[in-house]
Amino acid sequence: MARLNFAPFALILLLASLAFFGPRGKAFNGPDLVRCAYELAELDAPAADVLFIGSSRYGRGFDPGYMRQQIKKETGKDLVIERVAMTFPRITQLRPPVENYLEHRGAPEIVFLQLMYNFKPERQRQWDIPVNPTRNVAYANLDTLLEIRRNAKLNDFGTALPRTLESGYLSLPALLLQKLEANIYAGMRYVPMKLKGALDKCTGDALHRQSRPNWYFNNLHDDIEFKESEEKKLRREKMTLKADEYLAFSPSDPMRSFEVDQLRQMAEILTAAGSKVVVVLLPVLGDTSISQEEIAEIETAFPEYPLVHPYGLFDTEVGPELAKSFADTTHASTYGALIYSRFFTSEIMKLTE
Amino acid sequence: MQPLVHIILILLAWLICLPLPRAAAVHVLTVIGFSAVVIFAPIAAVFLLLTVVEAAFMVWLFNKFPRKSDLRQYGPYLLLLNLLFVDFHQLFLLMPVATLTISFSTIRIFMTAKQLLSSRKTLPISETYWLLPAAFFLPALVIGPVFSGTLLRDQNRKGNFEQPVLRDYRMMLLGFLLAVLLSPAFGGVSNIMERYEHGIFFMIWVLLFSSVVCGVLGAITYCGTLFPAFWISPTGQLPTPVESADFQRFLVSLAQVDGSIRASIHISAA
């Protein structure tokens, strides 16, 4: 029985081995797109000429491969255009892969940083917590996690106690324990995921599509036309009612202070690395114009970074169709993605003249 | 606090307990339990400390009354009002806070106070110390159960500490495996099941619950302590050896009978 007395040692040894080897296999829990974003950031290649950083609205909003071909056709320049995007418009989840990108591949010449913001009213109250979402805890290195945590300025809602005591905010030891837990789970998931082939998805165009079948990379072409069936029209009208309730970006609103600060931190990191940063605001369904006041508000919040937005397209001949070109309340349809790809192509050409 | 983190902390407690006398285990588990609550739910830690102080004050105050007096018998029920903190704290704190273990611990504090006040002997005030293990006993933080801190005291004073046997090792390993395999799968599908399949949701919850209890039961035997019986009456009735044995058997069989279901969950989790 004496050896049984030390049986927990076996368990501790097992956990320690899993925690040690787990992160090396990167079999963390979560969608493939996150793993692919990190793999793209650490690709053995020089930095892209143009990098787009944003949410799934970027992923479904345009085709960097198509844009590269268009630019080559029109100017003869072969610009490498890449995109690092993730589902959920949470800027903190993009910070670690972007920092990895800068460290491994250097600074892109131009960065189109999406002004990512939460648009659903019901989740705004706790949008800043946890500062490091689960994806960060799993994939990011500890230094980056701690840096993001240290520099986070939570929104002030006039609560009786500091918001660092709020449910969901991770204290430092809790963050470390969660990181340890994520590493152990990654170790356990490695073999089944390897056998399933789940760890080999981030290659070729799939890597640039970040393994999402409905994101675009080398799959848009000029023959795509606008079409909307009666059924889709009804669906869009219903969705428009839902989108009407969405929150506007409004960077001067105190409830946006965390998001604006995080966007600024991201822009500053990129600028310090040598990139030229432009900020991008994308429309949602039913949102076809931007006022001068809104533009001035954004320019006041981000004075160093030029604003790029496609709202002007709604006043052109493609405008009426573009206004209807949404797959849901926020993501562009294939036709919408084609129009936005052309828009960004011309923006890149202007910036690289 | 996830089941895996819970088990890691218990293993940490075991390492600390190794060079110490076995009687120290309950105190080590209490200190680490308190630290865990501070780490994961700081407001809950403060609130539970206040509840312990409140209970200690009640014990001190009501102890002055005759044993059969209504105040001494029913006064401690006031502690149960503290359970309302879980549902109403947002009204005055204006923000949600983690309420980890408040429900289980408040009931355990209440049961301890009740037990202390039911004593026929003169009660030294130092006995109120056992309100602390009732509040912060690490193995009981996440999944309960409820019991009186006086049971931990009695176990500690008897001095005949349990030696781990093969069953404890199996239970610890089984609990660990279930907790790490079942917990992520459960988290992933719980929202869907909660909406559509209450039966399955409940079944998997029971499996997860039983697996964590098994792991914890097995692991703390190594520290030299045991869980007090599950269904001790709050009115002061002490658990009988039969009840304790039944409880152990119930958990072991719950973990063993459902092997096939677990196997399928393991595969889907992987």
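Modeller: Let's start with a word we'll need throughout: a residue is buried if its relative accessible area is under 20%, exposed if over 50%, and partly exposed in between, using a 1.4 Å probe and protein chains only. This is a predicted model, where local features need pLDDT of at least 70, side-chain atom pairs count only at pLDDT 80 or more, and totals for chains, interfaces and linings use all residues. Residues are numbered from 1 along each chain as its sequence is written, chains are lettered from A and ligands numbered from 1 in the order in which they are written, and side-chain values use heavy atoms, leaving out hydrogens and water.

The part I'd pick is strand β2 of chain A, residues 81–86. Strands here (E, at least two residues) and helices (H or I, at least four) are DSSP runs, numbered from the N terminus. Six of the six residues of β2(A) are buried, so the strand is largely enclosed by the rest of the structure. In a regular strand, side chains alternate between the two faces of the sheet. Here A:I81, A:R83 and A:A85 point one way, while A:E82, A:V84 and A:M86 point the other.

What does β2(A) sit beside? Strand β1 of chain A (residues 50–55) runs parallel to β2(A), joined to it by six bridges; two strands pair if DSSP finds at least two bridges between them. Zooming out, the open sheet has five strands in the order β2-β1-β3-β4-β5 of chain A, with parallel pairing. Its edge strands are β2 and β5 (307–308) of chain A, each pairing on one side only.

Helices pack here too. Helix α6 of chain A (residues 95–105) touches β1 and β2 of chain A, contact meaning heavy atoms within 4.5 Å. The direction of α6 makes about 150° with that of β2(A); axes are lines fitted to C-alpha atoms, for helices over the stretch in contact, and angles run from 0 to 180 degrees between N-to-C directions. Helix α5 of chain A (residues 64–75) lies across β1 and β2 of chain A as well, running at about 160° to β2(A).
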